[in-house]
Amino acid sequence: MQKEVTFAGFGGQGIMSIGQFVAYTGMEEGSEVVWLPSYGPEMRGGTAYCTVVVSDRPIGSPIIQNPQYAVVMNRPSFDKFEPTIKPGGLIVINSSLIDVKSRRTDIDQLGVPANEIAIKHGLPRSANIAMLGAFVGRSGIIKSNNLKKFIEKKFGSRREVLESNMKILEEGLGIAENSQ
Amino acid sequence: MAKKLMKGNEAIGEAAIQAGVRNYFCYPITPQSEVAEYLAKRMPEVGGMFLQGESELAVGNMIFGAAATGERVFTTSSSPGISLMQEAISYIAGAQLPAVFANIVRGGPGLGGILPAQSDYFQSVKGGGHGDYKMLVLAPSTVQEAVDLMMIAFDLADKYTNPVMIIGDGMIGQMMEPVEFKKPPPMALPPKKWAANGCKGRDPVIIRSLFLDPLRLEQNNRELFVKYRRMQAEEVRFERYNVEKGNKVLIVAYGTTARICKTVIADFKARGINVGLLRPISLYPFPMAAVAEAAEGVKAVLSVEMSMGQMVEDVERSVLGRAPVGFFGRVGGVVPTPEEITVEIEKLL
């Protein structure tokens, strides 16, 4: 089974990082993984996106036109990637910055007030972590316990940052659970 | 050793360190600058030397000079930068010195673009500099393979006292995949009697590519071609993927394009249609016999490249009329999709 996800947003929202977190955790779980950034002539503050593939067999094409999942953190990313999602797929939308919902009836959608959650826990830059939690909770692409272990390792040297990020992650996971 | 998730460019840099390289010269250019960034930090940690030259022209000649001392030397660049190094590559080949170059290819000609391409095939394989010479050219299709080929590239350069080119594309450089750094089995390498590393207690050596006596220059050319024939006998590398009797179509593709074709082949297999892939890993020496054998009995051969049609010429001279040879390519940084390759194959069925 191969699972594909596009993470997209403004440069600086931490899109590339949460894509890497999924790839790292997938690798630790023994899956084949690829993380591919967009590296076109981008500018600061412009759109950034990356694709992550997690699979139980060697990964062929790393370029995915139609992923199962998309995690979008700003409106241009919603407009660009919402139509590309495979039927039966999922879009996770940063409802703090995106004031529309998907009109597609053939995909699942989950709104996450990611910026509000991050601000509430004192780490406004960690809105991406709320998105990550909600996405992983809903898609099951990796195990949430393994993701937590990774986050612990990643931020372990800074206790306060770790604790706040964990709260943000938990809240994201909770949104996925409560909206089932 | 546990697997690490690494960007292709960083993995290439680390592989050079693991292969014992302590001399890296570079000039930054997208999409390979992360190699330089990585080695700027890593080289001092292992007591090595990182030097950013004033241009690729200078870097090429720094490689030439450093290689003459018998040290392992390495540089990376991308297409326009590699063009600037062609003079030095020709001199290094003529002077019979080992050196490793990695080209993370981007679209051309000219400054072109910064996205992945395979349009430097001719430059690498047919000789981008002047004179009768060849490089050993190796093309990885995953980050792991980039590491594995890097680990043997320096041994191969020493074995043949010849430049080796690792040819990737922007995709190989930019994507992250799990990698493991495995030491390859040791290669029996000739002593570096030619090295200009101080002549105390022995006769001086002279390293040169200038031979004004035509017979002496002819002899140098003949020596080179003895090496190239040996490469053809010993260094042909390729992968056969789903190549079997009953293949309707044979794809020949390398690098990133080859892995996209693997996705296509899996989709055809699910539909009960058998398509094979012959993936050259060594572009020079080209796996001519393997391509010819795999082309036996197929309806058509398709060369898929990110170029306007370069490797297809080597495919044609390998297949030698056993089957019609077609070509599909995207250029300029456009990477072919599985869907459009599928359409091309369907035309041949």
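This passage describes how the two chains of a predicted model are built and how they meet. In this predicted model, local features are reported only where pLDDT is at least 70 and side-chain atom pairs only at pLDDT 80 or more, while totals for chains, interfaces and linings use all residues. Residues are numbered from 1 along each chain as its sequence is written, and chains are lettered from A and ligands numbered from 1 in the order in which they are written.

We may begin with chain A and its strands. Helices (H or I, at least four residues) and strands (E, at least two) are DSSP runs, numbered from the N terminus, and two strands pair if DSSP finds at least two bridges between them. Strand S1 (residues 2-10) of chain A pairs with strand S3 of chain A in the antiparallel sense over nine bridges, with A:Gln2 standing opposite A:Ser55. S3(A) also runs antiparallel to S2(A), to which six bridges join it; here A:Leu36 has A:Thr51 as its bridge partner. Of the nine residues of S3(A) (residues 47-55), seven are buried, so this strand is largely enclosed by the rest of the structure. A residue is counted as buried if 20 or more other C-beta atoms lie within 10 Å of its own, as exposed if 12 or fewer do, and as partly exposed in between, with C-beta atoms placed from the backbone.

Chain A meets chain B through 17 residues of chain A and 19 residues of chain B, where contact means that the C-beta atoms of two residues, placed from the backbone, lie within 7 Å. On the chain A side, helix H1 (15-28) and strand S2 (32-37) each supply at least two residues, and S2(A) gives the largest share, five residues. This side of chain A has twelve nonpolar, five polar and no charged residues. In this grouping Ala, Val, Leu, Ile, Met, Phe, Trp, Tyr, Cys and Pro count as nonpolar, Asp, Glu, Lys and Arg as charged, and the others, Gly among them, as polar.

Chain B itself is assigned two domains, domain 1 (4-185 + 209-234) and domain 2 (238-348), with bounds that come from an automatic or database domain assignment. Their C-alpha centres lie 26 Å apart, and the contact between them takes 28 residues from domain 1 and 22 residues from domain 2. Elements giving two or more residues to the domain 1 side are H6, strand S6 (136-138), S7, helix H8 (170-174) and helix H9 (214-234) of chain B. The largest share of that side, four residues, comes from H6(B). By class, the domain 1 side has 16 nonpolar, nine polar and three charged residues.

Turning to the sheets of chain B, one is an open sheet of seven strands in the order S3-S2-S4-S5-S7-S6-S12, with mixed pairing. Its edge strands, each pairing on one side only, are strand S3 (49-52) and strand S12 (282-284). Within this sheet, S5(B) (residues 99-105) and S7(B) (residues 163-169) pair in the parallel sense over seven bridges, and B:Ile104 has B:Gly168 as its bridge partner. S2(B) and S3(B) are likewise parallel, over four bridges, with B:Cys26 partnered by B:Gln52. Both faces of S2(B) are covered: B:Asn23 and B:Phe25 are buried on one side, B:Tyr24 and B:Cys26 on the other. Helix H3 (residues 56-67) of chain B lies across S2, S3, S4 and S5 of chain B and runs at about 160 degrees to S4(B). Axes here are lines fitted to C-alpha atoms, for helices over the stretch in contact, and angles run from 0 to 180 degrees between N-to-C directions.

The other open sheet described here has five strands in the order S9-S11-S10-S13-S14 (chain B), again with mixed pairing. Its edges are strand S9 (238-241) and strand S14 (325-329). S10(B) (residues 249-252) and S13(B) (residues 300-305) pair in the parallel sense over four bridges, and the partner of B:Val252 in S13(B) is B:Ser303. Helix H12 (residues 311-319) of chain B packs on this sheet, touching S10, S13 and S14, at about 155 degrees to S13(B). The buried residues of H12(B) are B:Met311, B:Val312, B:Asp314, B:Val315, B:Ser318 and B:Val319. Seen down the helix axis, these fall within an arc of 160 degrees, so they line one face of H12(B); the arc is that of the directions from the axis to the C-beta atoms.
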